[in-house]
Amino acid sequence: MTENTNVTVTVSENGPYEIVGDVEILDANGVLIRETTKTFLCRCGHSAKKPYCDGAHKKFDFQDSGLAPE
Ligand code: FES
C-alpha cells in the first residue's frame, strides 16, 4: 500500500474493534503480518488469534457498551 486513505475504527458493543480502510497490521517488531481493507481486532483479551478477534468474547461474555465516555 502506498497511499494513505481514511481508516475507520468502530468500537462494537460487547465485541471487537472493526477496522475498515486500507490497513497494514504490523507485529511488535514492525513486521507486516496482514494487509487488508477490513478486519476485527480483539479488545476483550481472550482471543487465541490475537490481535484478531476469534469470537471468544461471546464465550467469555465480554461486556462493554462501546460508547465513548461522557
Ligand atoms: S473481542 Fe472478539 S475475541 Fe476478543
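The legends below describe close-up views of a predicted model, from the whole chain to single residue pairs. Residues are numbered from 1 along each chain as its sequence is written, and side-chain values use heavy atoms, with hydrogens and water left out. Local features need pLDDT of at least 70 and side-chain atom pairs count only at pLDDT 80 or more, whereas totals for chains, interfaces and linings use all residues.

**View 1**
From the N terminus on, the elements follow the order β-β-β-α, where helices (H or I, at least four residues) and strands (E, at least two) are DSSP runs numbered from the N terminus. The C-alpha trace spans about 40 × 30 × 15 Å along its principal axes. Of the 70 residues of the chain, 26% count as buried; buried means under 20% relative accessible area, exposed over 50%, and partly exposed in between, with a 1.4 Å probe and protein chains only.

**View 2. Three strands make up an open antiparallel sheet in the order β1-β2-β3.**
Because β1 (8–11) and β3 (32–41) stand at the edges with a single partner strand each, one side of each is left without a neighbour in the sheet. Neighbouring strands are turned by 25° against each other on average, direction ignored; the axes are lines fitted to C-alpha atoms, for helices over the stretch in contact, and angles run from 0 to 180 degrees between N-to-C directions. Two strands are taken to pair if DSSP finds at least two bridges between them.

**View 3. β1 and β2 form a hairpin with five residues between them.**
Four bridges join β1 to the antiparallel strand β2 (residues 17–26). Thr-8 stands opposite Val-20 in β2, while the bridge partner of Thr-10 in β2 is Glu-18. In the turn, Asn-14 has a positive phi of about 60°.

**View 4. Val-7, Val-9, Val-11 and Tyr-17 form a nonpolar patch on the surface.**
Together these residues have about 300 Å² of accessible area, and Val-9 among them lies in strand β1. Patches are made of residues with over 30% relative accessible area and no salt bridge, with like charges joined within 9 Å and nonpolar side chains (Val, Leu, Ile, Met, Phe, Trp, Tyr) within 5 Å. Accessible areas come from the Shrake-Rupley method with a 1.4 Å probe, and for residues only the protein chains shown count as cover.

**View 5. Lys-38 and Glu-18 form one of the two salt bridges of the structure.**
The closest N and O atoms of Lys-38 and Glu-18 are 3.4 Å apart, a salt bridge being a side-chain nitrogen of Lys or Arg within 4 Å of a carboxyl oxygen of Asp or Glu. Lys-38 lies in strand β3 and Glu-18 in strand β2, so the pair ties together parts that are 20 residues apart in sequence. Lys-38 is partly exposed at 46% relative accessible area, and Glu-18 is partly exposed at 22%.

**View 6. Asp-64 forms a salt bridge with Arg-43.**
Here the closest N and O atoms are 3.0 Å apart. The pair links distant parts of the chain, with Asp-64 in the segment after α1 and Arg-43 in the loop between β3 and α1, 21 residues apart. Asp-64 counts as partly exposed at 32% relative accessibility, whereas Arg-43 counts as buried at 19%.
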